[in-house]
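Please read them alongside the coordinates.

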Amino acid sequence: MPIRTTAAALTLAATLGVTGVPAQVRAQTAAPMDHAAHHAAMMAAPSGAVPTMPGQDAFGTIQEIVRMLEADPNTDWSKVDIEALRQHLIDMNEVTLHANAAATPVEGGARYDVTGTGRTLEAIQRMVVAHAHEVDGVNGWTAKAEPTPTGAVLTVTAADPQQTARIRGLGFIGIMVQGSHHQAHHLAMARGGFSH
């Protein structure tokens, strides 16, 4: 039971003359926490102990890229476009969390009809077609994508039956995360190099 609720219950019990309130309930009515003292204690972490997670993945990605740009004496700040990277990360979030993907088995792989509305639709059309070019040839796959009025169609196939099973097992989002181009792409985007 929260402290405020317990304290209110004890006050009500006392007002009504109720006796025999269990010790466990009375113990929960300790004085309210001193938030300033708690914050100070939290900030005084043991020597060398520093949290590594930024609290939100897009924030952490941007933070990492900014640190890399700041560490590079050759960064051309007149071309840096962190907002383009932020918009791309929003697109990634939309496609990952809000897009609908219906898989249909095809000879050697699968066809993914990826749909959405509003911002998600726009993100699908920007990302899926561009990403098909990145994974085409990976693991011996053939990847093709076309925009549709409701999103995009991504078809991924392979001649190797093991790769066919892999394509189907990965599903749409598993295909989208293939390759290690994402991190380099994010850095190039932040430098003002290109975008989807």
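What percentage of the residues in the protein is buried?

1. Of the 196 residues, 30% are buried, where buried means under 20% relative accessible area with a 1.4 Å probe, protein chains only. This is a predicted model, in which local features need pLDDT of at least 70, side-chain atom pairs count only at pLDDT 80 or more, and totals for chains, interfaces and linings use all residues. Residues are numbered from 1 along each chain as its sequence is written, and side-chain values use heavy atoms, with hydrogens and water left out.

2. The protein contains eight helices and four strands, arranged along the sequence as α-α-α-α-α-β-β-α-β-β-α-α. These elements are DSSP runs numbered from the N terminus (helices H or I, at least four residues; strands E, at least two).

3. Strand 1 (residues 100-106) pairs with strand 2 in the antiparallel sense over seven bridges; pairing requires at least two DSSP bridges between the strands. T104 stands opposite R111 in strand 2. The hairpin of strand 1 and strand 2 has two residues between the strands, and G108 there takes a positive phi near 85°.

4. One aromatic pair is found in the whole structure. Y112 and F172 are tilted, at 6.5 Å centre to centre and 50° between the planes. Rings of Phe, Tyr and Trp (its six-membered ring) pair if their centres lie within 6.5 Å; planes under 30 degrees apart count as stacked, over 60 as edge-to-face and the rest as tilted. Because Y112 lies in strand 2 (residues 109-115) and F172 in helix 7 (residues 161-176), the pair ties together parts 60 residues apart in sequence. Y112 and F172 are both buried.

Methods: Buried < 20%, exposed > 50% of the residue type's maximum accessible area, 1.4 Å probe, protein only.
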